[in-house]
Amino acid sequence: MSTTYDTIANIIAETCDIPRDSITPESHAINDLGIDSLDFLDIAFAIDKAFGIKLPLEQWTQEVNDGKATTDQYFVLKNLSARIDELVAAKGA
Amino acid sequence: MRLEYFQLIDRIVDLSLADRKICSEATVPTASTIFEGHFPGYPLMPGVLLIEAMAQTSGWLVIAANRFERVPFLASVKEAKLRTFVTPGEVLSVEAQLMHEGSGYAVTKAKIVAKGKPVCDATLTLRVMDFPNAEMETEMRKLASRIGLALEAPVNG
């Protein structure tokens, strides 16, 4: 069974045509992988479908803009995986 | 269609929020300066405007689904297929299905049918944002009324 990280790394590789082996848990989706906001919509759509959740992108963006969070918390892939796990767990609670 | 105003939709024919579907109708004008260039002696409705008709129909579906709280803007067009020529005077049936409502975006599948035959289809992504100003919301509400978008329809209807 794939881990959450494996699933999102595969989604990013396929959606953005990024070599899978260049993606690591430490990769920052924006700063390291160069994913822009439009490509991230495609990634969010694929993640929403794969996990049956709704990534709260607007909330995250607002928190970053307000200085309440850093982009690392949401866009470093190991952290993104953790956020997804939390959303999946909350859905099942 | 009022091509000079970029209004590609004439009227909403059917809207079902329960099924997350919408159908609109659009009649290609018999005369337009667009046809003088596209193409001289062989007027065809430009494919990009057919895609815009699908995007506008999808947009009205998104607006109806969010009860006019927010406004969608076309962000991406995928798998667009232009299957046949459309000529002046044709009546088009434009259909859209809401596939997913994400955070700040929506995805639809849309198609156009004319005389029972498929004309074009695509998967569209729309960014969904707050109205940038009150004037735009007012004008969009007027346009919605003009084309018969039933905003008072029940959420499950």
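1. In chain B, Glu101(B) has Ala106(B), a residue of strand 5, as its bridge partner. Strand 4 (residues 91-101) and strand 5 (residues 105-114) of chain B are paired antiparallel over 8 bridges, where pairing requires that DSSP finds at least two bridges between two strands. Strands (E, at least two residues) and helices (H or I, at least four) are DSSP runs, numbered from the N terminus.

2. The model is predicted, with local features requiring pLDDT of at least 70 and side-chain atom pairs pLDDT 80 or more, while totals for chains, interfaces and linings use all residues. Residues are numbered from 1 along each chain as its sequence is written, and chains are lettered from A in the order in which they are written.

3. Chain B carries an open sheet of 6 strands, in the order 1-2-4-5-6-3, with antiparallel pairing. Because strand 1 (11-16) and strand 3 (71-82) of chain B stand at the edges with a single partner strand each, one side of each is left without a neighbour in the sheet. From one strand to the next the twist averages 20 degrees.

4. Helix 2 (residues 37-51) of chain A lies across strands 3, 4, 5 and 6 (117-129) of chain B, at about 80 degrees to strand 3; axes are lines fitted to C-alpha atoms, for helices over the stretch in contact, and angles run from 0 to 180 degrees between N-to-C directions.

5. The contact (C-beta atoms, placed from the backbone, within 7 Å) takes 10 residues from chain A and 9 residues from chain B. On the side of chain A that touches chain B, helix 2 and helix 3 (57-65) each supply at least two residues, and the largest share, 5 residues, comes from helix 2 of chain A.

Notes:
Contact = placed C-beta atoms within 7 Å.
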